[in-house]
Amino acid sequence: MKKIVCCLLLALVLTVLTQPQVIESLIGAARGLLPGGEAGEMQEQSFSHQMSGATVSDTLEVTLYYRYGKTGMLGAQRAQLDITREETVARSIVERLVEGPDDAHDRLSGVFAPGTQVISVTGEGKTAFVTLSRAFLGAPQGAPADWEDLEQWQDEAALRRTLAVQSIALALTEDGRYQRVQVLLADTDDDMPERIPLAWFDRTQTSMATVLGACARDEAILLTPGSAMELILGAWQARDWETLYAMTAADEGETALTLTAFVSLMRERDVSLLSWQATEGTVSPDGQRATVVLDAQIRAANGGDAEIARESVPLVRVQDNWTMTMDTLTSLMIRD
C-alpha cells in the first residue's frame, strides 16, 4: 500500500514540474537569487539610468516679470517650467523672460531687444552670472530705423534695458535662489564675457569705463498694490487715459470697454484729480484682493470740488497683477 501511495505522489510531482509556466517561474526565481543573475542586472541598469544624463522631467512654478503696459514698472506672470536638471532652472527662467509674456497676459510686454540670445547662465555662490548676446544692446522692438538719432527712443531703449536686467534679478532672486545677478555680454559661449558700460542704462553717465555691477532685488520697480494705486492716480491726474485704461478691469459679468469707449467716458465725466495721498495697501489672505486707503481732492467740471477722506479702495488681481474695476473708478469720480 505504501509503495502505491509513493508512486502516486511521485507521478503528481513529475506532472506539475513538466508544465512550462512552472519551470519558467522556478528558473526566474533562481536567477533572482544569483548575484550575477537577471534581476541583479536589472537593478544595476536602473541605478545606472538614474545617475546618467537621462532624468525625469519636473514641473516648477515660477514668477516671471515683464513690463506693465507702457509704464516703467514690472508686472508678474506665473508660469510652469518643465525642468529636467536642477542646473537648468536659472537658464530656463532667463530664456522665458527673453521670449516675452504669453498671449493671455496682454497687459504685459517684453523688454529685450529682438535677436537677444541667452549665451550662458551660471552660479557662483549667491551670484548668478547671466551672459547675453550683443543683440541685447540693439534696436528696441518697434523702433524706427533712425532710433539712435531720436532722444525719445534713446530714453526708451535705456529704460527697456534697465527693466530687462531688473526682470532677471527679480526672477532669479525669487525664493532666495540667488541674492544678486551680474549681466554680461558675449558673442558666443567660447568668448570671454564682458561687463556692460552703465551708460547703456543711465544716459547721464558720460564715461564708458563705469560698468554695470551685480544687481540685487529691487522691489520698488514691482507692481504692488501701492504702486498700482500710484499709477492709477497719476494717470488720472495727468489725464493719461491710455495708461489709466491699462490699469482698470471690467466688473464681474461685464464686457470690457474698448479704449475708444473708455476715453469717451472719461472725457464725458470730466473729473480732475487735484491731489492725493494713498497707503501701500494690504493684501487679502487669498492674495487676490487688496485694500488701499485714499485721501484725495477732486473737481468735476459741472459739480465743483469734493473730498475723498480716508476711503478704503479695493483692488483686484487680474492676469496676476493689480487693477481697479470700473465700478470702483466710477465711485471715486462721482461724489454725492
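This briefing describes the confidence, sheets and helices of the structure above. The structure is a predicted model, and the protein averages a pLDDT of 85, with 82% of the residues scoring at least 70. An open sheet of four strands is present, and strand 13 (residues 321–325) pairs with strand 12 in the antiparallel sense and with strand 8 in the parallel sense.

**Confidence**

- Confidence is highest in strand 6 (residues 180–185), at 98, and lowest in helix 3 (residues 38–51), at a mean of 34.
- Over residues 2–18 the pLDDT stays under 50, and the model has four contacts beyond four places in sequence for this stretch.
- Residues 20–56 also stay under 50 in pLDDT, and here the model has 14 contacts beyond four places in sequence.
- Where pLDDT is low, the predicted coordinates should not be read in detail.

- The open sheet has the strand order 4-5-6-7, and its pairing is mixed.
- Strand 4 (118–124) and strand 7 (215–216) each have a single partner strand and stand at the edges, so one side of each has no neighbour in the sheet.
- Six bridges join strand 4 to strand 5 (residues 127–132), and the two pair in the antiparallel sense; Gly123 has Ala128 in strand 5 as its bridge partner.
- Helix 5 (residues 151–173) packs on the sheet and touches strand 5, strand 6 and strand 7. The direction of helix 5 makes about 135 degrees with that of strand 6.
- Helix 4 (residues 89–99) lies across strand 4 and strand 5 and runs at about 140 degrees to strand 4.

**Helix 6**

- Helix 6 (residues 225–238) has 14 residues and reaches 20 Å from its first C-alpha to its last, close to the 20 Å expected at 1.5 Å a residue.
- The buried residues of helix 6 are Pro225, Gly226, Ser227, Ala228, Met229, Ile232, Leu233, Ala235 and Trp236.

**Strands 11 and 12**

- Strand 11 (residues 289–300) and strand 12 (residues 304–318) run antiparallel and are joined by eleven bridges.
- A hairpin of three residues connects strand 11 to strand 12.
- Within this pair, Gln297 stands opposite Glu307 in strand 12.

**Strand 13 and its partners**

- Strand 12 and strand 13 (residues 321–325) are antiparallel and share three bridges. Arg317 has Trp322 in strand 13 as its bridge partner, while Val318 has Asn321.
- Two residues lie between strand 12 and strand 13 in their hairpin, and Gln319 in the turn has a positive phi of about 55 degrees.
- Strand 8 (residues 248–249) pairs with strand 13 in the parallel sense over two bridges; the bridge partner of Thr248 in strand 13 is Met324.
- Five of the five residues of strand 13 are buried, so this strand is largely enclosed by the rest of the structure.
- Both faces of strand 13 are covered, with Asn321, Thr323 and Thr325 buried on one side and Trp322 and Met324 buried on the other.

**Thr328 in helix 9**

- Thr328 lies in helix 9 (residues 326–333).
- Thr328 has a relative accessible area of 11% and is therefore buried, the cut-off being under 20%.
- Leaving aside residues up to four places away in sequence, Thr328 touches Val313 and Pro314.

Notes. Residues are numbered from 1 along each chain as its sequence is written. This is a predicted model: local features need pLDDT of at least 70, side-chain atom pairs count only at pLDDT 80 or more; totals for chains, interfaces and linings use all residues. Side-chain values use heavy atoms; hydrogens and water are left out. Two strands pair if DSSP finds at least two bridges between them. Buried means under 20% relative accessible area, exposed over 50%, partly exposed in between (1.4 Å probe, protein chains only). Contact means heavy atoms within 4.5 Å. pLDDT is the predictor's confidence in each residue, from 0 to 100. Axes are lines fitted to C-alpha atoms, for helices over the stretch in contact, and angles run from 0 to 180 degrees between N-to-C directions. The expected span of a helix is 1.5 Å times one less than its number of residues.
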